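Student: I'd like to learn how to read side-chain features in a model like this one. Could you walk me through it?

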Amino acid sequence: MAKTKIVYVCSACGTESLQWFGKCEACGEYGTLEEQTVNSSSSPVGAARSGWQSNNRTDNRSATAPKPRISVPFNDITEEEQARFQSGYNELDRVLGGGVVPGSLVLIGGDPGIGKSTLLLQTANQLSQRLSRILYVSAEESGQQIKLRASRLGVAEASSITAAKQAESNGKNGKVKSKKKEEEKLDKANLFILPETDLEEILRELESLQPQVAIIDSIQTLYFAALTSAPGSVAQVRECTSALMQVAKRDNITLFIVGHVTKEGAIAGPRVLEHLVDTVLYFEGDRYASHRLLRSVKNRFGATHEIGIFEMAEHGLVEVDNPSELFLGNRDEFVPGTATVVACEGTRPILVELQALVSPTSYASPRRSTTGVEYSRLQQILAVLEKRVGIPLSKLDAYVASAGGLGVEEPAADLGVAISLVASFRDRVVDPRTVLIGEVGLGGQVRLVSQMELRLKEAAKLGFKRAIVPKGQSFAEDIGIEIIPVGKVIDAIIAAIPPQQKFGKDLDDLGEGEEDNPEDF
């Protein structure tokens, strides 16, 4: 007879413990152990092991050569090209690796109100015009709420939306229609809505309808009646995702699963949730800005760290064709303390304008603030400029921000941050037709970065004339932009900031022997 026992499961990593602790021993998080009741019986692993041993135990080894029982030799596996279908949005297809893979599981996370449901409803509308059956499972909204949102987005006019339980509700109200008319109505509708939170009902609908694509919004609100824990707990999220994955892989159904995020920005629930799915996407963006970023952090069918850029308009999300123009400021205005860098997100180069402001501090210790740039990188670049170049920044406030709020975390933007700080300190203007690419080392040198040719081609396409890059890079063809190689930060400062007699001593007068003299600045 099965017995019940109490275990404590970490909501961050899913580790189980027989005793409650204030700190999880596996991941080190505090206050994440939750009490759960489980049924304990004879160990299934032990039973399986004993059965295998009883059937295969022999006293003498066989004289014949060993043979595989069910494994297949690697050379016998044939290569089959995975057929994809388009989602209707090029930005989403780019992040997914070229299109939607049939039978794949895609997990989408993001802050509340960022646009996850809007994106998936628009995608379901586009897919319903190409495929025969699309199922949208809404565990947070009713069918009427989804219909109202679809009307605002213009989705209702593009395709007919039919609730999967419409026939049942009509029967309860006494409005029973003939079976023939109901079948004709369902045949014309390609997008089905199922407002349900019970996992067993959802699985029955998946097996009955057999849709090509199903959307689960969201996984934290589903519950499995056999478990005693509340919806959203570690056990519920794990079991619901595992059951959906088995049905999707068996019936070749593509699943889009919406996941809530924690205050730190990670997807809520155990980490096993991200390991079960094929693709993990994060929907990012500032609530006060109009653009949204769809970032891939895991993809079994394509490159990771790809991004898709959307803009929240009056009728929903709209694709941004040229994202570099979105993150570039007005190049006709000459503003001190700005520089342009080329950041690579996956295989996409994006030109971003960096803005810096250096001013005298009013406090005992100077303030440092960043928006879109990693704070530790700013601290490191400030130390390099003071020690290797001789700019006294230790007693000045320093603020650095990227235009549009795009997160620029790769080291290739270091040179642009350093030049913008120097330009703001000297109140100089960097040539607006110049891009800066390079990593700043602790010794004041400029290091090489990857995908240099791809970055330069994007800059030349947008009309930039010069590029200051690390020394030692060779190119096979003419890219169409003047390349200025530099080996040290001081060389990049001299090349980036032209002489301006209005603001005192020119940077062109600096030499190698003067780079550590603070009086030059």
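**Charges, rings and a patch**

Tutor: Let's begin with charges: Glu200, Glu201 and Arg204 are linked in a network of salt bridges. Keep in mind that this is a predicted model.

Student: How far apart are the closest N and O atoms of Arg204 and Glu201?

Tutor: They are 3.2 Å apart, and that pair is a salt bridge. Both residues sit in helix α7, which covers residues 199-209, and the spacing of three residues is about one turn of the helix. As for cover, Arg204 is partly exposed at 46% relative accessibility, and Glu201 is partly exposed too, at 32%.

Student: Which residue forms a salt bridge with Arg250?

Tutor: That's Glu207, with the closest N and O atoms 3.0 Å apart. This pair links distant parts of the chain: Arg250 belongs to helix α8 (residues 234-251), Glu207 to helix α7, and 43 residues separate them. Arg250 counts as exposed because its relative accessible area is 54%, and the cut-off for exposed is over 50%. Glu207, at 42%, is partly exposed.

Student: How many salt bridges does a search of the whole structure find?

Tutor: It finds 18. One more to look at is Arg149 with Glu141, where N and O are 2.4 Å apart.

Student: Is Arg149 buried or exposed?

Tutor: Buried, since its relative accessibility is 7% and buried means under 20%.

Student: Now a charge without a partner. What is the nearest side chain of opposite charge to Asp217, and how far away is it?

Tutor: It's Arg149, 5.0 Å away. A salt bridge needs the nitrogen within 4 Å of the carboxyl oxygen, so Asp217 is buried yet has no salt bridge. You'll find Asp217 in strand β8, residues 213-217.

Student: Which residues is Asp217 in contact with, leaving aside its neighbours within four places in sequence?

Tutor: Ser117, Tyr136, Val137, Ser138, Ala139, Glu140 and Val258.

Student: Let's move on to rings. How is a pair of aromatic rings described?

Tutor: You give the distance of the centres and the angle of the planes. This structure holds two such pairs. In one of them, Tyr89 and Phe310 are 6.3 Å apart centre to centre with 65 degrees between the planes, an edge-to-face arrangement. The pair ties together distant parts of the chain, 221 residues apart: Tyr89 lies in the loop between α1 (44-56) and α2 (90-96), and Phe310 in strand β12 (residues 307-313). Tyr89 is buried, with a relative accessible area of 10%, and Phe310 is buried at 0%.

Student: Why is the pair of Phe283 and Phe310 edge-to-face?

Tutor: Because their planes stand at 70 degrees, with the ring centres 6.4 Å apart, and over 60 degrees counts as edge-to-face. Phe283 is buried, as is Phe310. Put together, Tyr89, Phe283 and Phe310 make one aromatic cluster.

Student: And on the surface, which residues form a nonpolar patch?

Tutor: Val72, Phe74 and Ile77, which together have about 370 Å² of accessible area. Ile77 is in the loop between α1 and α2, and with 53% relative accessibility it counts as exposed.

Notes: Residues numbered from 1 in each chain as written. Predicted model: local features only at pLDDT ≥ 70, side-chain atom pairs only at ≥ 80, totals over all residues. Heavy atoms only, no water. Helix = DSSP H or I, 4+ residues; strand = E, 2+ residues; numbered from the N terminus. Buried < 20%, exposed > 50% of the residue type's maximum accessible area, 1.4 Å probe, protein only. Lys, Arg positive; Asp, Glu negative; His and termini not counted. Contact = heavy atoms within 4.5 Å. Phe/Tyr/Trp six-rings, centres within 6.5 Å; stacked < 30°, edge-to-face > 60°. Patch = residues over 30% accessible without salt bridge, like charges linked within 9 Å, V, L, I, M, F, W, Y side chains within 5 Å. Areas by Shrake-Rupley, 256 points an atom, 1.4 Å probe, with all protein chains shown as cover.
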